[in-house]
Amino acid sequence: MPKSKRAKVVHLTKTQKKGKELTLRLYANIRECIPQYPYIYVFSVENMRNNYLKNVRSELASDSRLFFGKTRVMAKALGDSPSTEPHPSTSLLSAHLTGPCGLIFSHRDPSTMLSYFSRFHPSSYARAGIISTRSFTIPAGTLHTRAGEIPASEDVPLEHSIEPTLRKLGVPTRMVKGKVELDGPFEVCREGEVLGSGQTTLLKMFGVTMADFAVEIRAWWVGESGVVKVASVDKEDGGSVRTKGNAVVEIEMGGEDEGFGGFDER
């Protein structure tokens, strides 16, 4: 039996794919920026959050330009090899474009950039799949919004409307005279275990943050000398960014051909 035309679904909003257009624009913008800025930084992101990356973009907007797009497109714009690079040694940065990473074209010198990112570590709520950085247990008794994270005198009781959600997440709560009660302590997570979606939901409900947004500068290109310098992160020193051995590792382009075998700018 033929399909009735009366039941045809009409979408009120239609969007067109811009894959190739965005790719070409990203490539062209990167090529255009290379001669305009004295430094190019390759950065990676840990615990990616769009709002924090927007804060970084706003902070650098006065004298820098940030790209966070497809790594292959960015690497292609910098050059796959000495024969395709638009400026000397820019192709050496391509090897560092792996995983969630981007490019920053800036007039700020490396010491200023490293110092800024070493201090920028805003906390955020954990997502499923990450490793718990601490143990968290909901104490027995009347539940409060922070579940013992702050003194009870500074906290407020949990709203009764949240109680059904807690029970769905496995917390054995009950209502007593309009207040959410817990007969015994309930362990949400232990330090070092991989968090599930239910655990991360409970952590967010009680305002417990276990993820730090961090930007790591992997390497940078100096336009004046055509040298690529590689940095490392000393995570045992409070997450500060330092260069290897108190000195950067300089990589200069040799005579051999070293081949390296998204989103648009936002």
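Two strands count as paired if DSSP finds at least two bridges between them. Helices (H or I, at least four residues) and strands (E, at least two) are DSSP runs, numbered from the N terminus. The model described here is predicted: local features need pLDDT of at least 70, side-chain atom pairs count only at pLDDT 80 or more, and totals for chains, interfaces and linings use all residues. Residues are numbered from 1 along each chain as its sequence is written, and side-chain values use heavy atoms, with hydrogens and water left out.

**Strand pairing**

Strand β1 (residues 39-46) pairs with both β3 and β11. In the pairing with β3, Ser-44 has Cys-101 as its bridge partner; in β11, Val-222 stands opposite Tyr-39.

| Pair | Partner residues | Bridges | Direction |
|---|---|---|---|
| β1 and β3 | β3: residues 101-106 | six bridges | antiparallel |
| β1 and β11 | β11: residues 214-222 | eight bridges | antiparallel |
| β7 and β8 | β8: residues 179-182 | four bridges | antiparallel |

**Burial**

Buried means under 20% relative accessible area, exposed over 50%, and partly exposed in between (1.4 Å probe, protein chains only). Seven of the eight residues of β1 are buried, which leaves the strand mostly covered.

In helix α4 (residues 110-119), the buried residues are Pro-110, Met-113, Leu-114, Tyr-116 and Phe-117. They lie on the same side of α4, because they cover an arc of only 160° around the axis, taken from the directions from the helix axis to the C-beta atoms. Exposed Ser-111 and Arg-119 are carried on the face turned away from that buried side.

**Nonpolar cores**

A nonpolar core is a set of buried Ala, Val, Leu, Ile, Met, Phe, Trp, Tyr and Cys residues joined through side-chain atoms within 4.5 Å. The largest has 23 residues, of which Ile-30, Leu-103 and Phe-105 touch the most other members. At least two residues of this core come from each of α1 (19-33), β1, α3 (71-78), β3, β11 and β12 (227-230); α3 gives the most, with five residues. Apart from this core lies another, of 22 residues, including Phe-43, Tyr-52, Leu-114 and Ile-217.
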